[in-house]
Number of protein chains: 2
Amino acid sequence: MSKMIIRKEDALDYHSKGTPGKIEVIPTKDHKSQRDLALAYSPGVAEPCLEIAANPEDVYKYTVKGNLVAVISNGTSVLGLGDIGPEASKPVMEGKGILFKIFAGIDVFDIELNSRNIDEFVTVVKAMEPTFGGINLEDIKAPDCFEIEKRLKEEMNIPVMHDDQHGTAIISGAGLLNALEVAGKKIEEVKVVVSGAGAAAISCVRIFVDLGVRQQNIIVCDSRGVIRTDRENLEGTKKEVATAADVHSLEDAMKGADVFLGLSKGGLVKAEMLKEMAKNPIVFALADPNPEIDYDVAMNAREDVIMATGRSDYPNQVNNVLGFPFIFRGALDVRATTINEEMKLAAVKAIADLAREPVPDIVGRAYNKTNLVFGKKYIIPKPLDPRLLTTVAPAVAKAAMDTGVAKHPIQDWDAYRSELVRRLGGDDNVMRVLQSKARQNPKRVVFTEAEDHRILKAAQIALDDGVIEKPVFIGNVATIEQIIKEHRLELEGATILDPKSDDEAVKAKVEEYAQAFFEKRNRRGFNLYEARNIMKTRNYFGTMMVEKGEADALLSGISRKYSDTIRPALQII
Amino acid sequence: MSKMIIRKEDALDYHSKGTPGKIEVIPTKDHKSQRDLALAYSPGVAEPCLEIAANPEDVYKYTVKGNLVAVISNGTSVLGLGDIGPEASKPVMEGKGILFKIFAGIDVFDIELNSRNIDEFVTVVKAMEPTFGGINLEDIKAPDCFEIEKRLKEEMNIPVMHDDQHGTAIISGAGLLNALEVAGKKIEEVKVVVSGAGAAAISCVRIFVDLGVRQQNIIVCDSRGVIRTDRENLEGTKKEVATAADVHSLEDAMKGADVFLGLSKGGLVKAEMLKEMAKNPIVFALADPNPEIDYDVAMNAREDVIMATGRSDYPNQVNNVLGFPFIFRGALDVRATTINEEMKLAAVKAIADLAREPVPDIVGRAYNKTNLVFGKKYIIPKPLDPRLLTTVAPAVAKAAMDTGVAKHPIQDWDAYRSELVRRLGGDDNVMRVLQSKARQNPKRVVFTEAEDHRILKAAQIALDDGVIEKPVFIGNVATIEQIIKEHRLELEGATILDPKSDDEAVKAKVEEYAQAFFEKRNRRGFNLYEARNIMKTRNYFGTMMVEKGEADALLSGISRKYSDTIRPALQII
């Protein structure tokens, strides 16, 4: 699969067009009559208020609390962008909310806080406890995030999770279990090198240890080199992962290592370092957007490497969306008072196990892959796998019950799974994306209206999407090239053909098509002269390309925007 | 109009049925393909983040901030229910959000805070400033609400309004201006008595003074009597409204008063006290649910009274929904940094002026009134008047601009009003309620399937709604009475008729119908004997009731729930 290209202009349009932002809060109950409003607000609303006042748990019965998660950030460590502040983090938080909704049907209020003080941050989030069923902390800088999460977990009675720490750790943990299985190695024996000492890296180390890796077998490096116990001024979390071993550089550490986990910077690991690792090395190079070692470089360096990255264009993507929607789903559904280690480990196990199961056909088609079979290239499930909801959420719910933190245990697991399947079948969810994706199959498409800039722009997006390959534009070559230039399009791999051109190759093609057309349709009254003229028109020329198998599909007569017309058209083809 | 009856069971059902609570957060942008998700979240989302980081005002361009209001409460003074805590206040806050959405297209996150400390409350709300375009404080007890609002207004750069204080004051202020016009009195001369000294009452006094009432002409009473300057331990806001006049009881104060404003307790004002007031007395008896003096009692006491209440079943309802949606709409649309006094007074003036304009036909029909003409019975616009949005919001926006607090002034007022009209035309809004209401016209409806409990329940709701009057149930009398008893229905005014009964009156009716049927349809081959038998069947009997003008409509063959079938059916009739 080719990497999806996202243009700056398209991204800004997406977030600003129509109404600014990406979410809306709508009523779920009838509100079409005066009576409805009297039920929704005064005087009818007094009844549920009184019920809750008498029995506080009824807040889950009469309000959205039980399905409402706060995505909370102060914008101090946003994506790969760093400390851009709360306002600038808002597009990310709204987006995170959409992922919660699409993947697990969870409603999210995104709350961006102007607060850099740990005590104040904790006070603010704690005060909001009555509103929410759970708290997803997001993009808060280390080491503040550790203390904030720790205190909120201690002081609140609803699930709290800092996804940047645990999300990556949970998916990486699942990947590690499966990679070890494929490599034929025992977890308690493997030597692990970690590059990076941020929140996610520390949390990965912790979960690796929980899973069975020995702390003394882990070496963590940061930008200053190996984190050693003899380094001066070692702060809390770094102290926890410091090694006493006689290793002083990443290069040293890599020698004989079984596992490399990178959460640091693209390109840090050289092919030579990879070659020094043990047999069947496991390389999780998760730096965003460029891995610590490029996938192809790694594959060329040695054949036995088992590799995962953070990217969707290579096998084994470590993507947090495999975890957080389902972990919160399970936690909310049993009204867990926390998300504890057992629940996280249950998620790790469920995700790992899922990758060992046969993959449903629709998932294979969505990813245009027929080889999704447990092994080197498939140790981690795909984000659009619909089974994630129905396996990970129940596993987390069960772990909450087993550890005594579930206020509302599930009695009937079959009914619960049915309910999850029903959620999956809703309108705005992962099945829709999945089905849409499953229909995509890159095509050679002929565009006959290519002198219209809207069509060329649409083709650009379809090309970027990977929906089409090798587009053919029919029309005046100079005109089309001019439009491409003016609109700064990047249509590499496209062919421009003018059937009226004097180019010898084109003339030969027109002649060939005219002959074929004449032979096939002469009974309908065309002579060869007429057939030649007809073949110089764009639609007939394009149609004949498809008939001759030189293109897969023809798009003509389209003059509206891509999303309205071409995309559905391409999906139908 | 009869008072709408809201049953406890219906209210609890409304809030709990289907998914608990009343709201949902949904994506507004395409999210059907992998590409859409890549635009909504990583990697595309980085682009708007970077734009906002470079230019903070762009948060209004790329996020929902500019249309997002927080409805924030700690549940310490909820409706007429008192201090029921934040969880129990959540149904109200969700409902308030729905009103914002329906009346002005504003999205709301309802935030219930577990915080009774003023400093902490202020800290928490301030921290959320990056998230929201405005803050609507709600149901916070006095006197805390005064300091909380004051400090937040001083320390935040987005509009903050405590609606319980100012909402009622703004609508009452508008009502006062118009009542004085009708009464032919000058504002600077009138004597005002206020019963109640809570947040709303204090705020009313302030706005009355802003409008021209002299402070020395106002006497405020609380549960301990007249608030006098010589009362011991007078706290801040009560000190502000204390009188030095030689008046020691509500009765005393009412003598010769021009205006009574009640925000206290039902039934406090007796007819005798009303009779002691000056000519053309203005009585705003706003206690909820029962006014300080009953509307009918007041009208019987003296004819010249100009009265308003908080209830929808009498003329001149003082309803906050006339204010807050449009005040925030105007403030948000110019990115006002505050809601200042001038903006509130602009709202007062716009609401007052609107009541003096001719009323559109659709509003009259919605309220089933043909006499909505400026005067004693119509000094305050109706909540469903669609002109509120297009007059109040621009007035508030303009006041913000005139006072220099608008960061994003409106350039083209015509375009702005068109945009507001467009909002009004959307799916989930006031026009829908209005049109639905305008179709309602109480009817004599015959139910032929009345032996089905679902139909009787549906009829109950339709009756409570005022959608129907005097229902007629056709079927076995004992059976139907049994069902009514079992389901504890209250169907006063209903008639039960069994055309098969031996009751002489019914037999005479059947005979009359049979004759009429025979005469009208004998050409279609019925003889009188057959006609008599046919008239004993429920559907024919009911149909003939309608044909004879003894009922307005017939409902038969309906077996599903009210909201799906009967309500639309009744609206079409």
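Helix axes are lines fitted to C-alpha atoms over the stretch in contact, and angles run from 0 to 180 degrees between N-to-C directions. On that basis, helix H1 (residues 8-16) of chain A packs against helix H3 (residues 46-54) of chain B at an angle of about 80 degrees. The two axes are 8 Å apart. Angles of 65 to 115 degrees count as roughly perpendicular, so H1(A) is roughly perpendicular to H3(B). On the H1(A) side the contact is made by Lys8(A), Ala11(A), Leu12(A) and His15(A). On the H3(B) side it is made by Glu47(B), Pro48(B) and Glu51(B).

The model is predicted. It scores ipTM 0.78 and pTM 0.79. The mean pLDDT of chain A is 88. A pLDDT of 70 or more is reached by 91% of the residues of chain A. Residues 557-573 of chain A stay under 50. For that stretch the model has 38 contacts beyond four places in sequence.

Chain A holds 25 helices and 15 strands. Its C-alpha trace spans about 85 × 75 × 45 Å along the principal axes. Of its 573 residues, 59% count as buried. Among contacts in chain A with a separation of 6 or more, 67% join residues 24 or more positions apart.

The same surface serves both copies, as 99% of the contact residues of chain B recur in chain A.

A further contact between the chains pairs helix H3 (residues 46-54) of chain A with helix H5 (residues 85-104) of chain B. Their axes come within 8 Å and cross at roughly 165 degrees. Angles over 145 degrees count as roughly antiparallel, so H3(A) is roughly antiparallel to H5(B). H3(A) contributes Pro48(A), Cys49(A), Ile52(A) and Ala53(A) to the contact. H5(B) contributes Glu87(B), Ala88(B), Pro91(B) and Val92(B). The crossing of H3(A) and H5(B) is right-handed.

Glu87(B), in helix H5 of chain B, is partly exposed, with a relative accessible area of 26%. Leaving aside neighbours within four places in sequence, Glu87(B) is in contact with Ile52(A), Val59(A) and Pro130(A). Lys29(B) is 58 residues from Glu87(B) along the chain, and their C-alpha atoms are separated by 32 Å.

Lys90(A) is found in helix H5 (residues 85-104) of chain A. Its relative accessible area is 0%. The cut-off for a buried residue is under 20%, so Lys90(A) is buried.

The axes of helix H8 (residues 163-183) and helix H9 (residues 199-211) of chain A come within 8 Å and cross at roughly 45 degrees. H8(A) is therefore oblique to H9(A). The crossing of H8(A) and H9(A) is right-handed. Residues of H8(A) in this contact include Asp164(A), His166(A), Ile170(A), Leu176(A) and Leu177(A). Those of H9(A) include Ala199(A), Cys204(A), Arg206(A), Phe208(A) and Leu211(A).

Backbone geometry was examined in several loops. The peptide bond from Ser42(A) to Pro43(A) is cis, with omega near 5 degrees. Pro43(A) is found in the loop between helix H2 (34-40) and H3 of chain A. In chain B, a cis peptide bond joins Ser42(B) and Pro43(B), with omega about 5 degrees. Pro43(B) lies in the loop between helix H2 (34-40) and H3 of chain B.

Asn280(A) has a positive phi, near 45 degrees, in a residue other than glycine. Asn280(A) is found in the loop between helix H12 (271-275) and strand S10 (282-285) of chain A. Its relative accessible area is 18%, and Asn280(A) is buried. Arg488(A), also a residue other than glycine, has a positive phi near 50 degrees. Arg488(A) lies in the loop between helix H21 (477-486) and strand S14 (495-497) of chain A. Arg488(A) is exposed, with a relative accessible area of 72%.

Conventions. Residues numbered from 1 in each chain as written. Chains lettered and ligands numbered in written order. Predicted model: local features only at pLDDT ≥ 70, side-chain atom pairs only at ≥ 80, totals over all residues. Heavy atoms only, no water. pLDDT = per-residue confidence, 0-100. Contact = heavy atoms within 4.5 Å. Helix = DSSP H or I, 4+ residues; strand = E, 2+ residues; numbered from the N terminus. Buried < 20%, exposed > 50% of the residue type's maximum accessible area, 1.4 Å probe, protein only. Parallel < 35°, antiparallel > 145°, perpendicular 65-115°, else oblique. Left-handed = near helix turned anticlockwise from the far one by under 90°.
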